[in-house]
Amino acid sequence: MAESVYPYDIKKKSLNDCVISLAGNPNVGKSSVFNELTGMRQHTGNWPGKTVDLAQGYTSHNGRNFVLVDLPGTYSLMAHSAEEEVARDFITSNDSEATIVVCDATSLERNLNLVLQIMTFTDRVIVCVNLLDEAKKKKIAIDLPKLQSLLGVPVIGTSAVKKQGLDDLMSQVEKVVDGTVTANPYMMSALRQLAEQPDELVPAILDRASVIAKEVVTYQNKNYDQFDRKLDTLLTQKTTGIPIMILLLMLTFWFTIEGANTPSDMLASLFNAIGNQLYAFAESIGMPVFLKELLLDGVYKVVTTVISVMLPPMAIFFPIFTLLEDFGYLPRVAFNLDKFFQKAGACGKQALTMCMGFGCNAAGVVGTRIIDSPRERLIATITNNFVPCNGRFPILIAVITMFFAGSAVSVIGSVTSAVVLTGVILLGVLSTFWVSQLLSKTVLKGIPSSFTLELPPYRKPQIGKVIVRSVFDRTLFVLWRAVVVSIPAGVIIWIMANIQYHDQTLLQTMTQVVDPFAKLMGLDGTILLAFILGLPANEIVIPIMIMGYMATSTITDYHSLSEFKRLLIDNGWTWLTALNVLLFTLYHWPCSTTLMTIYKETKSAKWTFMSFIVPTLMGIGITMLTTLIAHVFHLV
Ligand SMILES: Nc1nc2c(ncn2[C@@H]2O[C@H](COP(=O)(O)OP(=O)(O)OP(=O)(O)O)[C@@H](O)[C@H]2O)c(=O)[nH]1
Ligand SMILES: [Mg+2]
């Protein structure tokens with residue numbers, strides 16, 4: 001048996017726990033089965049390549065405890081990409097006592113390839129034919145008993161998201177582990193014989209899978225995927241694919257901006273009212289002044305600003321994004337952008353990791369594991385930062401709404417904002433192409449590898465679940481991270497704003513140090529310092545800016561964007577400042593979490609530095625250029 005190059009620490013609760021792995025092709029519902037059985041929330045969605053690392057969880061059946069290990073999807077055990085290697089190493093190691101191979105009932109033949117391959121390594125296999133509900137809808141019938149007898153291992157039909165068949169599945173797992181059900185010895189010895197001739201193994205298995213599939217699958221409606229095909233034509237053909245994509249992007253932003261306005265203001269006033277009560281309370285108990293100011297002006301105001309600015313847009317954006325993801329739109333985006341990435345010398349799958357970057361660049365960087373070639377993975381890693389994550393969206397939305405949307409409250413205002421925001425995002429996407437091309441022509445030379453992108457069938461998103469999942473798993477997760485970072489940031493910034501040094505505060509001194517350089521970029525010292533201090537998380541950039549502008553070292557009681565805008569204009573902001581803030585938000589260093597993730601993934605200080613310096617230099621260069629142009633042509 002192959003030595004695992006991926007030593008993996010399995011955390012059993014007790015020695016008797018059985019370790020069971022969940023293997024299968026990408027996008028067949030492994031993580032859905034895992035989640036239903038363990039009650040955990042692994043990322044699921046309708047595109048291949050979501051799970052890129054091992055995850056473990058616990059379940060029990062008939063009083064017996066199991067550790068389930070959710071593996072990344074893999075088409076074959078002759079793996080190419082990093083995440084497929086992870087799966088292969090685990091399957092071929094002795095770490096698990098049985099392997100559940102999850103299959104897609106609507107494309108059984110391809111799935112059986114992997115089943116047979118896995119059976120050449122182990123006979124403790126349970127085949128789980130998932131997505132039976134989808135097969136039924138498409139009038140695809142599968143003779144499960146026959147499949148079981150042809151394969152010689154237990155076969156169970158399931159519909160994971162409907163929680164159907166999972167109990168039976170675990171019963172079979174138990175029997176296999178106990179040895180009361182064993183694989184058909186004739187079948188196993190035939191497969192082992194095949195495995196002894198590696199050259200013939202692959203064609204022989206392909207052949208066998210196709211024979212078995214023909215025996216057990218009947219299509220009652222040959223045109224079962226007609227609707228998908230039509231929709232695919234619309235969403236991916238030359239003339240309509242990209243316009244629809246941009247329109248959807250714009251709509252998503254419009255919903256986000258329009259919907260977030262009022263709740264943001266309401267939250268701000270609510271926090272403000274609570275803050276006043278807290279002030280009164282602190283005074284009534286005679287809290288020392290410095291402590292009161294530190295806690296309320298420092299911590300409380302920074303945290304509540306982060307929440308009121310970030311929570312509403314995220315609570316709208318994430319569910320919409322997740323719905324599109326569950327429906328199966330993401331791989332179509334990848335399809336549309338494939339040729340551009342190819343032209344740039346990069347991999348089309350980069351479109352998928354780019355989309356993940358919208359949520360969080362660190363997640364996008366980990367997601368690059370789905371890209372086979374190390375060269376292309378590096379390109380995807382370095383350029384992931386060009387899509388703004390959720391920490392940066394609020395900065396973009398706020399600045400656009402204040403300076404480029406006319407009246408922010410009207411519908412026209414929010415539509416304009418959405419259009420401008422889409423423009424900024426498209427600029428980010430274009431930069432991704434340019435920089436990818438530049439990298440692949442210089443330091444990361446090479447020929448783009450081809451890959452087959454699978455377009456999964458469209459699936460009806462599970463709306464309730466999607467909303468719950470995106471609010472709790474993503475929104476609250478990101479918000480929590482922001483809050484955790486903003487508490488110490490609030491303390492540090494308050495201290496900096498209050499320590500006097502040569503007649504001015506430390507914050508003012510630092511602002512002055514960076515001010516001349518910032519001016520060249522059409523910004524000012526406060527803005528640049530806010531970005532620098534925002535390294536731990538972009539979410540705190542706005543609160544730091546506000547603090548920096550308040551001579552009194554506190555965020556005053558501003559309830560709305562218009563008051564915020566007045567504060568900015570009083571501090572010398574013009575449209576050029578706003579434009580440069582937008583540009584610098586798009587082009588600057590990744591946050592520290594992302595940088596750490598890049599280092600972990602690449603294990604290279606050089607490439608981590610590249611990921612830092614490339615967008616930063618671009619940001620400095622571009623803002624200097626706009627500033628120069630604006631001044632030469634007397635535009636400000
Ligand atoms: N209708 C239906 N949809 C399902 C079923 N099982 C999973 N899905 C959906 O199929 C999609 C893929 O499910 P995942 O659990 O993420 O698949 P996976 O095999 O873990 O995918 P990777 O990690 O990318 O390899 C998701 O949109 C699920 O909601 C099922 O039994 N019926
Ligand atoms: Mg998965």
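Two strands pair if DSSP finds at least two bridges between them, and the strands (E, at least two residues) and helices (H or I, at least four) are DSSP runs numbered from the N terminus. This is a predicted model, in which local features need pLDDT of at least 70 and side-chain atom pairs count only at pLDDT 80 or more, while totals for chains, interfaces and linings use all residues. Residues are numbered from 1 along each chain as its sequence is written, and chains are lettered from A and ligands numbered from 1 in the order in which they are written.

Start with β1, residues 18-24. This strand pairs in the parallel sense with β3 (residues 64-70) over five bridges, and Val19 has Val67 of β3 as its bridge partner. Five bridges also join β1 to β4 (residues 98-104), again running parallel; here Ser21 stands opposite Thr99. Five of the seven residues of β1 are buried, meaning that 20 or more other C-beta atoms, placed from the backbone, lie within 10 Å of their own.

Stepping back, the chain has 25 helices and 10 strands. Buried residues account for 47% of its 636 residues. The C-alpha atoms fill a box of roughly 90 × 60 × 45 Å along the principal axes.

Finally, look at ligand 1. Of the 26 residues around it (C-beta atom, placed from the backbone, within 6 Å), Gly29, Ser31, Thr44, Thr51 and Gly73 come nearest. Helix α1 gives the largest share of this shell, three residues, and α4 (132-137) supplies at least two.

Methods: Buried ≥ 20, exposed ≤ 12 C-beta atoms within 10 Å, placed from the backbone.
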